[in-house]
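Please open the model in the viewer and keep the sequence panel at hand.

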2 protein chains.
Amino acid sequence: MSKRFQLVGIGNAMVDVLAHADDAFLAENGVEKGIMQLIDRARGVELYDRIGPAIEVSGGSAANSIAGFAHLGGVAAYVGKVKDDQLGAIFGHDLRAQGVVYEVPLARRDHPEETGRCIVLVTPEGERSMNTYLGVTEHLAPADIDEAVMEQADWILLEGYRFDGPESHEAFARAIRAIKRGGGNVALTLSDPFCVERHRGAFSDMLKNDVDLLFANRSEILAMYDLGDLDAALEAAAGEVETVVCTESEHGAHVVKGPMRWHCPAVPTKVVDATGAGDLFAGGFLWGLVEGFDLETCGIMGNIAASEVISHLGARPEADLKARFREFGLKV
Amino acid sequence: MSKRFQLVGIGNAMVDVLAHADDAFLAENGVEKGIMQLIDRARGVELYDRIGPAIEVSGGSAANSIAGFAHLGGVAAYVGKVKDDQLGAIFGHDLRAQGVVYEVPLARRDHPEETGRCIVLVTPEGERSMNTYLGVTEHLAPADIDEAVMEQADWILLEGYRFDGPESHEAFARAIRAIKRGGGNVALTLSDPFCVERHRGAFSDMLKNDVDLLFANRSEILAMYDLGDLDAALEAAAGEVETVVCTESEHGAHVVKGPMRWHCPAVPTKVVDATGAGDLFAGGFLWGLVEGFDLETCGIMGNIAASEVISHLGARPEADLKARFREFGLKV
């Protein structure tokens, strides 16, 4: 009997605040280029006061993956915490409008924090530098994990970023137990090299014991395995995890399963805003997987989905991804 | 002695909620294509639940004009009401980040309405259909008009839409008295043919007595003068107002001053989202005017500014408008 959900994502529920900036602005304002920095509310207010005009688009790494997966027709749910405020309403709307089941209780209006947001500064070459105020999303609790939903899922996608926060490890453990009980599979994304540094032990335990599919980019997997060499890191990861997928921006993606390895070339694209590239790669890859495509095709699907999202501002798909797949000769 | 502000805009302070839709969706949901419909909060909630994923961008007609004017380097202030909520903070940030002085007191958190928003549905050909929940912006009061600011302005730009609301006529009258006292000039935009129907009497009085520069598009000026013919309407308007500017989408703009008339051809553009075309036309035109360019050049500047904003989602400029002016050979 097929399950209720093909994929459930767990991550930080955020609204992205996207603005253009140049390298001098990043330097003057202590923003490290190309990575995600956690900031507190005061720093968020200060930085927001300094940036130029912005646009607001729902974001959150796993939420972006889930939005892409659902956009392709996948049946998905999402777990992440927002507040009963205007940004929380925007975040919830944009997932539900994509067909995603999203039923996590809102943090109440009297909660001292607000819905999380990420100030994304996009430099002229399209690189994004992220400044994240977690807000209420940091307070996702084990009680927010609906075990019945997890048991009814083929896959869950765990976002590395979500390991920050007081009860997050316990919440993830609960989700993993439930999905395994139901016979489902666990995918993990390492999210960011600094995120790997913060949670190396927890990630290492999960990779050894729980994870069936690992998503990482080059710098993340190098940070995780600390072997100084991509091939060695891929081999080490493949010794622990059934399927390992490593993206390398314009150099495409590597898919490794046991002794087998594929390279899927990237789709040449003029980068407007790299935000969401890895997230949409994962969304496209997982959709291919649950639809029964071979791993190489899944990697190609991930690359095509990523290429769409980096061609415009914002980390949610705007064009018809299935039509893009067909343009590349895929039978979908 | 030069004044403190070159331009002050008064209008409805709104955040735009932009989503793609097709004609069938508009028909099923009772959205009239190409115009602005006022909706109440309940209808706003219902419609928002039905639309697809959206992005949020600061909007408001006069605010868009002011943002464009300030983007070009003009010294400007804005008057419009938002609440002390998240969307209000976004609106204020985006104006101030453009260098606009915006000091209108926020509606308090316990106000029963929220910051206004406009659900903008963009159909595949780029036409926008607007559904406006005014919220607190409807409650701009005469006390929100800082007469000292008005007296210190070369121009004010009055947004026709802003005539909806209980105290708006009185607020506008106060602003007009103050600017005239200071020797400044009044520009009015008719905003929308249905807006003309709602406020015909007030607009007519202002055109006869107060307005120095009128902005309208073809359907608005035809609605206002009801003479069945564009030339006749332009002539009638020019009999009342010193300078009349009428835009006609891809057919360009007409500028009329007494017996003189110029036609400024539109800039060929692939329309992604027509939202803000008229607003940015006005912003570009007014900037040319305060910088001392001739009326024909002002019209060309308006057309170039409009062409930039319709080439992407959202009604605020994203590219460097002055650089665009230079590409067209203008010495700026």
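Select Val57(A) and Ile55(B): Val57(A) stands opposite Ile55(B), a residue of strand S4(B). As with everything on this tour, the positions belong to a predicted model.

Now display the whole region where the chains meet. Here 18 residues of chain B are in contact with 18 residues of chain A. On the chain B side, the elements that contribute two or more residues are strand S4 (55-58) and helix H4 (86-96). Select H4(B) next: this helix supplies 5 residues, the largest share of the side of chain B that touches chain A. Colouring that side by residue class shows 9 nonpolar, 5 polar and 4 charged residues.

Then hide chain B and view chain A by itself. Its secondary structure comprises 13 helices and 13 strands. Along the principal axes, the C-alpha atoms of chain A fill a box of roughly 50 × 40 × 40 Å. How does the radius of gyration of chain A agree with that of a compact globule? For 332 residues, such a globule would have a radius near 20 Å, and the 18 Å of chain A agrees with this.

Finally, colour chain A by burial. Of its 332 residues, 56% count as buried. If contacts are drawn between residues of chain A at least 6 apart in sequence, 77% of them join residues at least 24 apart.

Terms used
Residues numbered from 1 in each chain as written. Chains lettered and ligands numbered in written order. Predicted model: local features only at pLDDT ≥ 70, side-chain atom pairs only at ≥ 80, totals over all residues. Contact = placed C-beta atoms within 7 Å. Helix = DSSP H or I, 4+ residues; strand = E, 2+ residues; numbered from the N terminus. Nonpolar A, V, L, I, M, F, W, Y, C, P; charged D, E, K, R; others polar. Pairing = 2+ DSSP bridges. Rg over C-alpha atoms; globule rule 2.2 N^0.38 Å. Buried ≥ 20, exposed ≤ 12 C-beta atoms within 10 Å, placed from the backbone.
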